[in-house]
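Colleague: Could you walk me through the charged contacts in this model, and then whatever stands out on the surface?

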Amino acid sequence: MRLPRSLSGWTIAVFGVLAAALGVVGLVVPDALLTVMGFEPVPDGGRADGDHTLVFLTASSMAALNMGVYYVLAALADWKPFFRWTVPFRLLTCAVFTLAVVTGRAPAGFLGVGLWEGLGAVVTGLALRYEKARHEKTRNEKTRNEKTHAEEDATSPAS
């Protein structure tokens with residue numbers, strides 16, 4: 001079994017698995033997903049003509065499932081450029097979802113969706129920053145060691 005190879009890869013994989021799982025829930029049990037997001041489910045037969053909530057929920061659930069799979073595949077490939085691309089867009093999603101709650105466009109429970117996006121983006125961003133600093137430190141130590149060895153070779157008597 002293949003697993004993510006980096007801390008940032010793990011953050012992406014976890015996000016992907018959760019997104020895919022919630023996508024499946026939305027496809028199989030849409031009312032459960034509505035409840036999790038803070039919306040009041042409408043009983044069967046209670047929807048007005050022209051209410052396309054379930055169509056929208058099906059489309060967004062399928063998108064979440066697909067996105068989750070993309071995230072997991074990117075994590076398994078340790079595709080760091082993808083990881084970096086997700087951070088600003090997940091922060092934007094956090095801002096838009098939070099604004100929807102603040103302006104009354106969405107119920108308070110929906111704030112959790114925005115915070116999930118924002119927290120995930122911050123954790124991924126911090127993991128990427130940590131890995132970059134660790135890589136630079138390792139590279140600098142290697143360069144310093146190579147320089148020290150070269151200096152030692154230059155000052156040691158020839159055999």
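Colleague: Which residue meets Lys80 in a salt bridge at 2.9 Å, N to O?
Modeller: That partner is Glu131, whose side chain meets that of Lys80 at 2.9 Å, N to O, although please keep in mind that this is a predicted model.

Colleague: And how far apart in sequence are the parts that this pair ties together?
Modeller: They are 51 residues apart, because Lys80 lies in helix H4, residues 80-102, whereas Glu131 lies in helix H5, residues 111-155.

Colleague: Is Glu131 buried or exposed?
Modeller: Glu131 is buried, since its relative accessible area is 12%, and the cut-off for calling a residue buried is under 20%. Lys80, by contrast, counts as partly exposed at 23% relative accessibility.

Colleague: What else does Lys80 meet in a salt bridge?
Modeller: The side chain of Lys80 also meets that of Asp78, with an N to O distance of 3.5 Å, and Asp78 is buried, with a relative accessible area of 18%. Through these shared partners, the salt bridges join Asp78, Lys80 and Glu131 into one network.

Colleague: How many salt bridges turn up if you search the whole structure?
Modeller: The search finds three. Besides the two in the network that joins Asp78, Lys80 and Glu131, there is a salt bridge between Asp51 and Arg47, where the closest N and O atoms are 3.2 Å apart.

Colleague: How accessible are Asp51 and Arg47?
Modeller: Both fall in the intermediate class: Asp51 counts as partly exposed at 31% relative accessibility, and Arg47 is partly exposed with a relative accessible area of 21%.

Colleague: Changing topic, which residues form the nonpolar patch on the surface?
Modeller: The patch is formed by Leu22, Val24, Val25, Leu27, Val28, Val29, Val36 and Met62, which together have about 610 Å² of accessible area.

Colleague: Which helix gives the most to that patch?
Modeller: Helix H1, covering residues 7-28, gives the most, with five residues. Val28, a member of the patch, lies in this helix.

Note on methods:
Residues are numbered from 1 along each chain as its sequence is written. This is a predicted model: local features need pLDDT of at least 70, side-chain atom pairs count only at pLDDT 80 or more; totals for chains, interfaces and linings use all residues. Side-chain values use heavy atoms; hydrogens and water are left out. Patches are made of residues with over 30% relative accessible area and no salt bridge: like charges are joined within 9 Å, nonpolar side chains (Val, Leu, Ile, Met, Phe, Trp, Tyr) within 5 Å. Accessible areas come from the Shrake-Rupley method with a 1.4 Å probe; for residues, only the protein chains shown count as cover. A salt bridge is a side-chain nitrogen of Lys or Arg within 4 Å of a carboxyl oxygen of Asp or Glu. Helices (H or I, at least four residues) and strands (E, at least two) are DSSP runs, numbered from the N terminus. Buried means under 20% relative accessible area, exposed over 50%, partly exposed in between (1.4 Å probe, protein chains only).
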